[in-house]
Amino acid sequence: MAKAPKLVVHIGHGKTGSSAIQTALDASRAQLERGGVRYLGVMFEHAKTGQRHPWQKRTGSEDFFASTDTDARSSELFDILSAELDAAARQN
């Protein structure tokens with residue numbers, strides 16, 4: 001049986017160094033992947049599976065949060081994360 005992948009979500013309040021962490025992770029993506037770690041990006045812009053959404057870019061947070069359809073956004077996030085976790089589980 002394949003080992004279940006581990007999902008780590010980084011959420012940071014403004015002015016706590018979150019942007020620096022995200023920038024460092026983004027700059028280290030190739031090295032992280034060689035170690036079996038996938039960095040999906042600030043707005044899942046590096047997700048490799050599933051449908052792409054207009055907000056799915058590093059600068060897409062305003063587009064994402066401007067939507068009044070929170071159910072649709074929740075569904076999109078769920079679909080992206082489910083597809084990525086499924087793909088990761090198949091690789092293990």
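The structure is a predicted model, in which local features need pLDDT of at least 70 and side-chain atom pairs count only at pLDDT 80 or more, while totals for chains, interfaces and linings use all residues. Residues are numbered from 1 along each chain as its sequence is written, and side-chain values use heavy atoms, with hydrogens and water left out.

Side chains of opposite charge can pair when their charged atoms come close. A salt bridge is defined here as a side-chain nitrogen of Lys or Arg within 4 Å of a carboxyl oxygen of Asp or Glu. Five salt bridges were found by this rule. Two of the pairs involve Glu33. In one of them, Glu33 pairs with Arg38, and the closest N and O atoms are 3.6 Å apart. In the other, Glu33 meets the side chain of Lys48, at 3.2 Å from N to O. Lys48 lies in the loop between helix H2 (29-34) and helix H3 (61-66), whereas Glu33 lies in helix H2, so this pair ties together parts that are 15 residues apart in sequence. Helices are DSSP runs of H or I with at least four residues, numbered from the N terminus.

Exposure was assigned from relative accessible area (buried under 20%, exposed over 50%, partly exposed in between; 1.4 Å probe, protein chains only). Glu33 is partly exposed, at 31%. Arg38 is partly exposed too, at 30%. Lys48 counts as exposed, at 56%.

A further salt bridge joins the side chains of Arg73 and Glu76, with 3.1 Å between N and O. Both residues lie in helix H4 (residues 70-91). They are three residues apart, about one turn of the helix. Arg73 is buried, with a relative accessible area of 18%. Glu76 is buried as well, at 15%. Elsewhere, salt bridges that share partners join Glu33, Arg38, Lys48 and Glu84 into one network.

The Arg73 and Glu76 side chains are also joined by a polar contact of 3.1 Å. Such a contact is a pair of N or O atoms within 3.5 Å; within protein, one must be able to donate a hydrogen and the other to accept it, and residues adjacent in sequence count only if both atoms are side-chain atoms. Arg73 touches Trp55, Asp63, Phe64 and Ser67 (heavy atoms within 4.5 Å). Residues up to four places away in sequence are not counted in that list.

Helix H4 also holds Asp86. Asp86 is partly exposed, with a relative accessible area of 46%. Asp86 and Ala4 are 82 residues apart in sequence, and their C-alpha atoms are 9.0 Å apart in space.

The largest pocket holds about 1400 Å³ of space. This volume is the space filled by probe spheres set on the points, which are joined across faces, edges and corners; the probe is 1.4 Å. The lining has 42 residues, and Leu7, Val8, Val9, Tyr39 and Leu40 lie nearest the pocket centre. Helices H1 (18-27), H2, H3 and H4 each supply at least two lining residues. H4 gives the most, with seven. The lining divides into 22 nonpolar, 14 polar and six charged residues. Ala, Val, Leu, Ile, Met, Phe, Trp, Tyr, Cys and Pro count as nonpolar, Asp, Glu, Lys and Arg as charged, and the others, Gly among them, as polar.

Notes:
1 Å grid on protein atoms, 1.4 Å probe; cavity = no way out; pocket = protein on both sides within 12 Å on 5 of 7 lines; lining within 4 Å.
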